[in-house]
Amino acid sequence: MTEAVHHAPILEWDTPLYRQASTQLEHALTLADIPDFVASRLKYPERAVILSLPVRLDDGTVRTFPAYRVQHSSVLGPTKGGIRYDEAVDLGECAALAMWMTWKCALLRLPYGGAKGGVRCNARALSQNELARITRRFTAELAPFIGPQQDIPAPDMATNEQTMAWMMDTYSMQVGHAVPEIVTGKPISIGGSVFRHEATGAGVVMVVERACQRLGWSLAEQRCVVQGFGNVGGIAATELHEKGASVVAVSDISGGVYAEDGLPIPELHAYVAENGSLEGYADGVRRISNAELLALECDILVLAAREDQVTGQNAADVRAKLVAEGANGPTSVEGDAILAARGIPVLPDILTNAGGVTVSYFEWVQDLGRLFWDRDEIRRRLADKMSDAFDRVWDVAQSRDIALRDAALVAAIREVSAALEARGLYP
Ligand code: NAD
């Protein structure tokens, strides 16, 4: 009989993406000069909920979907973060994304900590009725753990305004009255904010524009490539196009399109609205793969699809002069090191895509006050927030001669640390 060997069990969320977030944190901690008790608290999520959701499909059968919600830190306020529907969702992914949300909220000086959740499913293979049932069951199971002063979900990959409307309705039915402030990114008719839909992509371009100013470039003269043509990438491409930059390539899950003299972005949006994706679009463009898109010669590469796109394998092929992270975690630790060694600056995710959570915060404030602002006011407040955070990050990077990602993390961690030190460790 062989003897069982007992190894220390791994922590449940310890996956490659979580290790990426942890490695970034460990490195930033060497620069941040914060107390050990704060550092050890921030390495792990406060709470992780694992669920299995039995849902009746349209054919009458019942399928059980794994689902998660991770809350990383409630030091600064309620936790906040998206819900994604994707086949790759796991506890480690949610834990990594929750940690990044903590840094993002702190960097933007929003009174929130980070959370993230999701359901492991292929949203494109499910009907609207099936998605509604998944969302309602998920919300009902999450009800004890979420709340306007506790944890506030928002859309993420493959979820949208409709998903948030189902969540808001389900939660409201449980408590007996309408609670618009339970989610952000919902339709305007039930307390959503104008400009929330555009906020992340618009914020990406605000950061890119600010970086161009610091680098002495004119945005209108830049050739841009955008990976991902969903909420973030699609809006970023439109904003770049409207500001006069030339968007020469975009892509989605079906592949990419390239045009030397710039793409007709409004036409591409119309095509995707009608056909669901860029697949089949061939009007005056060259079809390219996502791998080819990442290696195109350009000035600005916007990564707005998903995590782990520029890695140790392909970072040497990137021929952009500046990389902007619209997605969360699109550059791996190895990819980051290669880009840094090649002198290609990376505008980090926790700064660059923070426009979404910032306008989510405005939405929550408007819902709590039952008083709504107009588009110009929100755009102006967003621009103020993004440029304030950008300037702080840029100045830390310059004065300490460190990468923009490290500067952003150091600035964010110090915000959380100051709060945790002031509050102290309970009991
Ligand atoms: P989305 O589902 O609206 O769009 C994702 C896009 O990426 C789609 O066009 C999809 O086809 C494409 N895509 C997926 N896999 C791809 C691949 N391997 N190669 C190329 N394209 C691929 O999602 P979204 O809301 O735009 O989110 C994109 C990223 O931005 C995610 O990392 C998300 O966490 C992050 N983010 C989103 C928001 C927001 O407000 N929506 C805010 C902050 C960060």
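Just after helix α10, G343 takes a positive phi of about 75°. Helices (H or I, at least four residues) and strands (E, at least two) are DSSP runs, numbered from the N terminus. This is a predicted model: local features need pLDDT of at least 70, side-chain atom pairs count only at pLDDT 80 or more, and totals for chains, interfaces and linings use all residues. Residues are numbered from 1 along each chain as its sequence is written, and side-chain values use heavy atoms, without hydrogens and water.

Now the helix itself. Helix α10 spans residues 333-341, and G335, D336 and L339 are buried in it. Buried means under 20% relative accessible area, exposed over 50%, and partly exposed in between (1.4 Å probe, protein chains only). Down the axis of α10, the buried residues fall within an arc of 100°, so they line one face of the helix. The arc is that of the directions from the helix axis to the C-beta atoms. An α-helix has 3.6 residues a turn, so residues three or four places apart point the same way. E334, A340 and A341 are exposed on the other side of α10.

What do the buried residues of α10 pack against? Their partners are β11 (322-325), β12 (346-347) and α14 (404-423). A contact here means heavy atoms within 4.5 Å.

Helix α14 holds A408. A408 is buried, at a relative accessible area of 0%. Leaving aside neighbours within four places in sequence, A408 is in contact with L107, P348, I350 and V393. A408 and R392 are 16 residues apart in sequence, and their C-alpha atoms are 8.2 Å apart in space.

Next, the cores. A nonpolar core is a set of buried Ala, Val, Leu, Ile, Met, Phe, Trp, Tyr and Cys residues joined through side-chain atoms within 4.5 Å. The largest has 99 residues; W103, L107, L240, V250, L268, L347 and I413 have the most contacts inside it. Helix α3 (residues 91-107) gives the most to this core, with 13 residues. A second, separate core has 27 residues, including V55, V119, A132 and W166. L268 touches F229, V250, V257, L263, L278 and Y281, not counting residues up to four places away in sequence.

Last, the cysteines. The structure holds zero disulfides, a disulfide being a pair of cysteine sulfur atoms within 2.5 Å. C121 is in none; the nearest cysteine sulfur, that of C94, is 12 Å away. C121 counts as buried, at 3% relative accessibility.
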